[in-house]
Amino acid sequence: MPPAPASAVRSSARRLAAIARLACAGACCLLAGCATQLSLHRAPKADFTRLRHVFVEHRLNDNHHLDDAIVAALQKLGYHAASGALTMMPDDTDALVTYEDVWTFDFTDHMIGLTLTVTDEHKQEPMGDARFYRPSVTHLAPDRIVQLTVADIFPPAAAGPAAPAAKG
């Protein structure tokens, strides 16, 4: 069999290179869709090191008990934390945490986003916010999303582990 002409070999090589570029671009697009975005914004003068008592406002439309998960994550970092209606916030609260959650349904209900906003209760000024967003076919459990987002904005508390809640 005679060898293929050089022009046919170059044409075949070009096609293979084009297919490889398309496959690479397709893989990048798929992986970008699975990417986790975790963004943080802190006010320039926000001092998280002085925080001891944190209150998480319970949202009335939260059927997933995310306020309890946020409190547990804060306590794990060493903060004294509680949640409830805003009217139940203790007087010694240093910071107020509010949250917005985003859920989607694709055969199962799962959380794809969470934004935490922290407000200094003494100065009545925003301290910062952390945002988690993962619109992916593989999803994380809500508790894990809460842990990642809380750990992103709150450093470990300086006073050590939070004291257990008093029993009445």
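## A guided tour of the side-chain pairs

Begin by selecting Phe-154, a residue that is buried, with a relative accessible area of 1%. The structure on display is a predicted model, and every value given along the way is computed from it.

Tyr-79 is buried, as is Phe-154.

Now count the aromatic pairs: the structure holds two. The rings of Phe-48 and Phe-154 form an edge-to-face pair, because their planes stand at 85°, with the centres 5.6 Å apart. Phe-48 is in the loop between β1 and β2, and Phe-154 in the segment after α3 (142-153), so parts 106 residues apart in sequence are tied together by this pair. Phe-48 counts as buried, at 5% relative accessibility. Display Phe-48, Tyr-79 and Phe-154 at once to see the cluster into which ring pairs link them.

Which part of the Phe-48 ring does Arg-42 lie over? Arg-42 lies over the face of the ring, at 4.7 Å from the ring centre.

**The salt bridges.** How many salt bridges does a search of the whole structure find? The search finds two.

For one of them, select Asp-120 and Arg-50, whose closest N and O atoms are 2.1 Å apart. The pair links distant parts of the chain: Asp-120 is in strand β5 (residues 109-120), and Arg-50 is in the loop between β1 (37-42) and β2 (53-57), 70 residues apart. Arg-50 is partly exposed, with a relative accessible area of 28%.

Next, select Glu-100 and Arg-59, whose side chains meet in a salt bridge at 3.6 Å, N to O. Glu-100 lies in strand β4 (residues 95-105), while Arg-59 lies in the loop between β2 and α2 (66-76), so the pair ties together parts 41 residues apart in sequence. Arg-59 is partly exposed, with a relative accessible area of 21%.

**Thr-93.** Move to the loop between β3 and β4, where Thr-93 is found. Thr-93 counts as buried, at 5% relative accessibility. Its side chain reaches the backbone oxygen of Pro-90 at 2.8 Å. Leaving aside residues up to four places away in sequence, Thr-93 touches His-53, Phe-55, Glu-121 and His-122.

**Confidence along the chain.** Finally, colour the chain by pLDDT. The mean is 82, and 73% of the residues reach 70 or more. Select residues 23-33, where pLDDT stays under 50 and the model has two contacts beyond four places in sequence. Then select residues 160-168: pLDDT is below 50 here as well, and this stretch has seven contacts in the model beyond near neighbours in sequence. Where pLDDT is low, predicted coordinates should not be read in detail.

Conventions. Residues numbered from 1 in each chain as written. Predicted model: local features only at pLDDT ≥ 70, side-chain atom pairs only at ≥ 80, totals over all residues. Heavy atoms only, no water. Salt bridge = Lys/Arg side-chain N within 4 Å of Asp/Glu carboxyl O. Helix = DSSP H or I, 4+ residues; strand = E, 2+ residues; numbered from the N terminus. Buried < 20%, exposed > 50% of the residue type's maximum accessible area, 1.4 Å probe, protein only. Phe/Tyr/Trp six-rings, centres within 6.5 Å; stacked < 30°, edge-to-face > 60°. Lys NZ or Arg CZ within 6 Å of the ring centre and 35° of its normal. Polar contact = N/O pair within 3.5 Å; in protein donor to acceptor, adjacent residues only side chain to side chain. Contact = heavy atoms within 4.5 Å. pLDDT = per-residue confidence, 0-100.
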